[in-house]
Amino acid sequence: MEILYSDGGIAVCVKPVGLDSEQGMPQALKEQLGGEIFPVHRLDQNVGGVMVYARTRKAAAELSRAVQEGTMVKEYVALVHGQPPEQGDWEDLLWKDARKNKVFVVKRVRGGVKKARLEFTCLERREDTSLVRIRLHTGRSHQIRVQFASRGFPLVGDHKYGARDSAPAPMLFSCKITLPWEGQTRCWESLPSWA
């Protein structure tokens with residue numbers, strides 16, 4: 001596993017597709033770095049990319065606060081079907097059906113409905129797909145996948161949300177994390193081969 005940065009408090013790494021972010025990743029980091037590893041955010045198992053983990057309880061509290069206050073900024077790249085606008089700022093209401101592990105865009109607030117917001121820029125248009133860069137303002141389950149699919153632009157490989165292609169997993173990657181750490185704004189970035 002690629003480690004982008006490590007000190008006594010945090011470890012920043014590139015999570016491979018297929019590894020669980022809440023159990024598999026901490027175990028792999030323990031084997032590589034030693035000591036305790038605390039997850040503070042998550043990525044779906046079938047999504048890869050840049051993640052930060054705490055190495056102490058104090059760092060876990062700091063990082064959790066950064067997530068809650070919105071000072072940890074997460075950016076993604078995705079390959080989507082179709083031609084979305086050049087850029088967008090989308091806000092939706094999302095509801096998760098826990099039994100089906102599937103999320104839906106809904107029109108009105110009811111129990112369990114949460115606001116979701118993201119901004120994106122189209123980086124490249126290909127024959128029938130587009131490469132987009134996304135900044136999350138909220139971290140909802142399957143948020144990027146649902147917000148794009150609900151507008152007719154499912155992620156390539158995202159068969160749960162309407163893609164009809166042969167890619168084995170959603171073409172979604174956490175490409176950059178920016179956060180305050182030790183008095184500075186720090187950022188780490190990595191891109192997948194398909195981007």
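With its neighbours within four places in sequence left aside, His81 is in contact (heavy atoms within 4.5 Å) with Asp128, Thr129, Gly152, Phe153, Pro154, Leu155, Val156, Ala163 and Asp165. The model is predicted, so that local features require pLDDT of at least 70 and side-chain atom pairs count only at pLDDT 80 or more, whereas totals for chains, interfaces and linings use all residues. Residues are numbered from 1 along each chain as its sequence is written, and side-chain values use heavy atoms, with hydrogens and water left out.

His81 belongs to strand β5; helices (H or I, at least four residues) and strands (E, at least two) are DSSP runs, numbered from the N terminus. The His81 side chain also makes a polar contact of 2.6 Å with the side chain of Asp165. A polar contact is a pair of N or O atoms within 3.5 Å; within protein, one must be able to donate a hydrogen and the other to accept it, and residues adjacent in sequence count only if both atoms are side-chain atoms.

Strand β5 (residues 73-81) pairs with β9 in the antiparallel sense over eight bridges, pairing being assigned where DSSP finds at least two bridges between two strands. In this pairing, Ala78 stands opposite Val132 of β9. Strand β8 (residues 114-125) is likewise antiparallel to β9, over seven bridges, with Glu124 opposite Leu131. A hairpin of three residues joins β8 to β9. Seven of the eight residues of β9 (residues 129-136) are buried, so this strand is largely enclosed by the rest of the structure. Buried denotes under 20% relative accessible area, exposed over 50%, and partly exposed in between (1.4 Å probe, protein chains only).

The structure holds 13 salt bridges, each defined by a side-chain nitrogen of Lys or Arg within 4 Å of a carboxyl oxygen of Asp or Glu. Arg151 and Asp92 meet in one of them, at 2.8 Å from N to O. This pair links distant parts of the chain, 59 residues apart: Arg151 lies in the loop between α3 (143-149) and β10 (172-181), and Asp92 in strand β6 (residues 87-97). Arg151 is partly exposed at 29% relative accessibility, while Asp92 is buried at 12%.

In helix α2 (residues 57-69), Glu62 and Lys58 are four residues apart and therefore separated by about one helical turn; the closest N and O atoms of their salt bridge are 3.9 Å apart. Glu62 is partly exposed at 31% and Lys58 exposed at 63%.
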